[in-house]
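Student: Could you take me through one part of this model up close? I'd like to see how its pieces pack together.

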There are 2 protein chains.
Amino acid sequence: MPIKKVLIVDDDSNICELLRLYLEKDGFKTVIANDGESAVNMFNTEEPDIILLDIMLPKLDGWQVCRAIRKLSDVPIIMLTAKGETFDKILGLDLGADDYVTKPFDSKEVVARVKAVLRRTSGNDENVEKIVKYDKLVINLTNYELIVDGVAIDTPPKELELIYHLASNPNKVYSRNQLLDEVWGFEYYGGSRTVDVHIKRLREKLENVSDQWTIKTVCRVGYKFEIKQS
Amino acid sequence: MPIKKVLIVDDDSNICELLRLYLEKDGFKTVIANDGESAVNMFNTEEPDIILLDIMLPKLDGWQVCRAIRKLSDVPIIMLTAKGETFDKILGLDLGADDYVTKPFDSKEVVARVKAVLRRTSGNDENVEKIVKYDKLVINLTNYELIVDGVAIDTPPKELELIYHLASNPNKVYSRNQLLDEVWGFEYYGGSRTVDVHIKRLREKLENVSDQWTIKTVCRVGYKFEIKQS
DNA sequence: ACAGTTTTTTAATAATTTATTCATATATTT
DNA sequence: AAATATATGAATAAATTATTAAAAAACTGT
């Protein structure tokens with residue numbers, strides 16, 4: 001999952017910094033604009049993945065900004081609205097915002113909204129089928145299926161994620177720690193030998209499946225999904 | 001993947017040891033400073049890749065240290081803050097910290113943060129293909145492959161790293177000690193003759209591969225990957 | 001919340017691979 | 001030629017991985 005960039009637009013720099021803080025704590029990159037004009041400019045130069053947009057702004061107000069950006073792009077926009085504003089006024093006006101939060105807001109909630117909006121709009125991550133195929137092997141991470149020669153093989157999720165990760169970058173050697181970070185996640189804490197065991201089980205399942213590829217050990221370094229030259 | 005060095009700054013040596021334990025279990029090198037002054041000194045002498053910095057410190061407090069270091073470098077800094085501190089106070093003051101954790105913290109989480117910060121700050125050299133080519137020889141350190149005339153030759157990692165290192169700077173002479181430092185790593189303790197043996201095995205594998213280059217001994221000095229003029 | 005089931009992790013040890021040392025032959029420098 | 005340095009081959013040591021079984025953790029359906 002690539003890091004997402006959030007464009008924060010608000011004339012109150014305390015709010016900007018607060019949002020930035022929470023968002024960056026959550027792994028987002030952030031850029032900040034303090035007025036409507038620079039918001040549009042930064043949208044063009046920074047190419048953010050999502051925009052948090054205040055309505056009350058100098059130079060161009062949030063609505064104008066929203067409209068201007070909508071002409072250029074379908075980037076998700078979350079409006080930051082004053083308490084009094086009504087829904088219809090915000091979303092119903094066909095401005096094309098994707099969500100809104102009312103001030104004063106809870107920063108955590110804003111982050112949650114950002115994630116939610118990204119989840120449902122980013123067509124790339126969750127809506128694209130995560131499938132890798134090599135010869136008689138199909139690894140389908142959308143359905144969590146491992147298919148060998150057309151036959152589904154019952155495979156625990158970690159194993160599947162592991163082989164998917166390896167096969168997604170064929171020939172690249174991954175160290176155990178790299179695999180733990182990238183497949184298990186940063187939070188994982190425990191020995192790295194568990195990778196070996198998962199590899200072993202995968203090999204059991206995939207033995208003699210194909211002579212086009214193999215799960216190869218690179219001693220002292222790690223493992224790779226190797227595609228044999230012909 | 002080069003080993004990263006973490007500078008831990010805290011006056012409570014229990015905390016330092018705890019962090020050290022977890023970080024080293026995860027493959028990081030660590031150095032420890034117990035007050036602000038030595039923190040700045042150690043930053044200069046040890047050149048860490050990332051700093052864990054407590055705020056309450058003798059001599060110089062964490063903010064002063066942070067500011068001092070920021071004048072010298074963009075090294076990532078994670079602040080260790082007491083529970084009460086407010087966010088804005090920490091990041092809003094433009095101290096330039098990259099992240100923070102509040103005490104009491106979960107050591108695992110700190111390690112996770114360190115990794116996360118390193119990942120987003122370090123100029124992702126992970127995705128760069130490490131490949132060197134000369135004539136019929138391809139040394140691929142991403143896949144850990146040595147390819148001669150299109151055929152992969154099974155090669156142990158040290159040998160591969162050695163030839164990669166030499167071939168990355170053709171014609172440059174490396175002393176054995178230099179090679180031990182740069183390929184084996186500073187931790188290595190042992191005789192330097194082992195370099196000879198590795199060179200020998202590489203020559204076996206690469207004999208007559210090409211008349212464009214050769215692994216040359218420079219008597220009393222070291223070795224070089226020499227490219228012949230035409 | 002519980003008992004049964006599956007998955008994941010740990011731990012121990014056997015097997016393998018890689019790295020280092022050592023002894024000696026060969027080569028280079030002075 | 002003497003002294004110093006390197007090449008080579010074999011033996012040893014060290015480190016890493018495979019495999020197995022068992023324990024722990026995470027799930028499942030009730």
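Student: At what angle do helix α2 and helix α3 of chain B pack, and how far apart are their axes?

Tutor: Quick housekeeping: this is a predicted model, where local features need pLDDT of at least 70, side-chain atom pairs count only at pLDDT 80 or more, and totals for chains, interfaces and linings use all residues. Residues are numbered from 1 along each chain as its sequence is written, chains are lettered from A and ligands numbered from 1 in the order in which they are written, and side-chain values use heavy atoms, leaving out hydrogens and water.

Now the pair. Helix α2 (residues 36-46) and helix α3 (residues 62-72) of chain B pack at about 20 degrees, with their axes 10 Å apart. Helices here are DSSP runs of H or I, at least four residues, numbered from the N terminus; axes are lines fitted to C-alpha atoms over the stretch in contact, and angles run from 0 to 180 degrees between N-to-C directions. So α2(B) and α3(B) are roughly parallel, a label for angles under 35 degrees. The crossing of α2(B) past α3(B) is right-handed, meaning that the near helix is turned clockwise from the far one by less than a right angle.

As for who touches whom, α2(B) brings B:G36, B:A39, B:V40, B:F43 and B:N44 up against B:V65, B:A68, B:I69 and B:L72 of α3(B), with contact meaning heavy atoms within 4.5 Å. Those contact residues split into seven nonpolar, two polar and no charged. Nonpolar covers Ala, Val, Leu, Ile, Met, Phe, Trp, Tyr, Cys and Pro, charged covers Asp, Glu, Lys and Arg, and the others, Gly among them, are polar.

Elsewhere in chain B, helix α8 (residues 193-206) lies across β11 and β12, running at about 155 degrees to β11(B).

Definitions and conventions: Helices (H or I, at least four residues) and strands (E, at least two) are DSSP runs, numbered from the N terminus. Angles under 35 degrees count as roughly parallel, over 145 as roughly antiparallel, 65 to 115 as roughly perpendicular and the rest as oblique.
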